[in-house]
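Subject: Structure handover

Hi,

My notes on what turned up follow below it.

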Amino acid sequence: MLPAPRGERRPIYTVSTHVIIEGREKPADLDFYPEDPYAVVLVTCFRRWVFARELLAGGLLEPTGDGDVHISPDTGGDPALIVIRLSSPDGTAELRMPRGAAERALDEFDGIVPAGTETIDWETEFARLAGEDA
């Protein structure tokens, strides 16, 4: 796992797994921070991708996503995998991740902050963004 960026807390929960990129397995983590309960952080290949927990859950069932992150079941290959398509100004990547790891992560994250009960402490969040202590 990559170290957390300066000033950022460590995740409260991490599910370690792997992704398949161009036929090669690479280690990956799905991180969860309860202070940002709507998000999941995928850490792999020295990159951090933040996207909605809801997007990951939806992508287990059907193609979903808009913008830089798209997630879908691997309908053309292995049903035990999901496909994560990422894009940035630097390029695009298509990753495959074990479906079971994503399901396990979502179950664990829901045990910490159940989906539908998320809240954000906006005062603390704005202070963090401004580089201040809340």
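**Confidence.** This is a predicted model. The chain averages a pLDDT of 85, and 90% of the residues score at least 70. Strand E6 (residues 69–73) has the highest confidence, at 96. Helix H3 (residues 122–129) has the lowest, at a mean of 77. Watch residues 1–6: the pLDDT there is below 50. That stretch still makes 14 contacts in the model beyond near neighbours in sequence. Where pLDDT is low, the predicted coordinates should not be read in detail.

**Helix H2.** H2 runs over residues 99–112, which is 14 residues.

**Core.** The largest nonpolar core has 25 residues. Leu42, Phe51 and Leu56 touch the most other members. H2 gives the most to this core, with four residues. Setting aside neighbours within four places in sequence, Phe51 contacts Tyr38, Ala39, Val40, Leu42, Leu56, Val69 and Ile71. As background, nonpolar side chains tend to be buried together in soluble globular proteins.

**Salt bridges.** There are six in the structure.

- Arg47 and Asp90 pair at 3.5 Å, N to O. Arg47 sits in strand E4 (residues 47–52), and Asp90 in the loop between E7 and E8, 43 residues apart. Arg47 is partly exposed, at 40% relative accessible area. Asp90 is at 64%, so it counts as exposed.
- Asp74 and Arg96 pair at 3.1 Å, N to O. Asp74 is in the loop between E6 and E7, Arg96 in strand E8, 22 residues apart. Asp74 has 9% relative accessible area, so it is buried. Arg96 is partly exposed, at 23%.
- Arg99 and Glu103 pair at 3.2 Å, N to O. Both lie in H2, four residues apart, about one turn of the helix. Glu103 is partly exposed, at 32%.

Best regards

Technical notes:
Residues numbered from 1 in each chain as written. Predicted model: local features only at pLDDT ≥ 70, side-chain atom pairs only at ≥ 80, totals over all residues. Heavy atoms only, no water. Helix = DSSP H or I, 4+ residues; strand = E, 2+ residues; numbered from the N terminus. Expected span 1.5 Å × (residues − 1). pLDDT = per-residue confidence, 0-100. Contact = heavy atoms within 4.5 Å. Core = buried A, V, L, I, M, F, W, Y, C linked by side-chain atoms within 4.5 Å. Buried < 20%, exposed > 50% of the residue type's maximum accessible area, 1.4 Å probe, protein only. Salt bridge = Lys/Arg side-chain N within 4 Å of Asp/Glu carboxyl O.
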